[in-house]
Amino acid sequence: MINGYEETLQQILLEQDRTGWRMLVGCIMLNCTTRAQVDAVRDELFDRWQNADMLSRADERELEDVIRPLGLYRRRARTLRKFSDWWEQHLGVHDLSDRIIAMDPPGVGEYARDSWIVFYQGIVPAWPVQDKVLRQVVQQYGGASGVIWT
């Protein structure tokens, strides 16, 4: 454990979603917007569509209405539905969490990839992390070991 970080982060992630689907949906929503904007719609989105199967079948107009404050709502709604459908097809039955990023899921970009590696795999990526906040997490908790938790 590193300064209580491991226990706290793992507890939060497990409470939200053991699979990581919610975290990646959050990363998709964060693309080209701010955390404050995502925080304003996140709870409603997950209250209405509680898992990948539900979001993949969401009415596109209803989803667009919920995420409209994020901007790019039409494109983002299509991406969220496509990603959730992909998740159901690939991860609904199998635990592929160690290989998910290598499988190139739709809508999962650099920030989501790096977040997955840091928060779900607990390691420091072998490349420079571009996101400022994520880079601070890596620097603070990863240190020279390259391992955030095991």
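Predicted model: local features only at pLDDT ≥ 70, side-chain atom pairs only at ≥ 80, totals over all residues.

Residues are numbered from 1 along each chain as its sequence is written, and side-chain values use heavy atoms, with hydrogens and water left out.

Let me begin with helix α2, residues 21-30. Helices here are DSSP runs of H or I with at least four residues, numbered from the N terminus. Of the 10 residues of α2, 8 are buried, so the helix is largely enclosed by the rest of the structure. Buried means under 20% relative accessible area, computed with a 1.4 Å probe on protein chains only. The buried residues are W21, M23, L24, V25, G26, C27, I28 and M29. Their cover includes α3 (35-48), α4 (52-56), α5, α6 and α7. Just after α2, C32 has a positive phi of about 60 degrees.

I turn now to two of those covering helices. How do the axes of α5 and α6 cross? The axes of α5, residues 60-67, and α6 come within 9 Å and cross at roughly 120 degrees; axes are lines fitted to C-alpha atoms over the stretch in contact, with angles from 0 to 180 degrees between N-to-C directions. The two helices are therefore oblique to each other, a class left over once angles under 35 degrees (roughly parallel), over 145 (roughly antiparallel) and 65 to 115 (roughly perpendicular) are set aside. From α5, E60, L63, E64 and I67 meet residues of α6, among them Y73, A77 and L80; contact means heavy atoms within 4.5 Å.

Finally, the aromatic rings. Rings of Phe, Tyr and Trp (its six-membered ring) pair if their centres lie within 6.5 Å; planes under 30 degrees apart count as stacked, over 60 as edge-to-face and the rest as tilted. By this rule there are 4 aromatic pairs. The ring centres of F83 and W86 are 6.4 Å apart with planes at 20 degrees, so this pair is stacked. Both F83 and W86 are buried. W87 and W116 pair edge-to-face, at 6.4 Å between centres and 70 degrees between planes. This second pair links distant parts of the chain, with W87 in α6 and W116 in α7 (residues 110-120), 29 residues apart. W87 is buried at a relative accessible area of 5%, and W116 at 1%. Ring pairs link F83, W86, W87 and W116 into a cluster.

How values were computed. Buried < 20%, exposed > 50% of the residue type's maximum accessible area, 1.4 Å probe, protein only.
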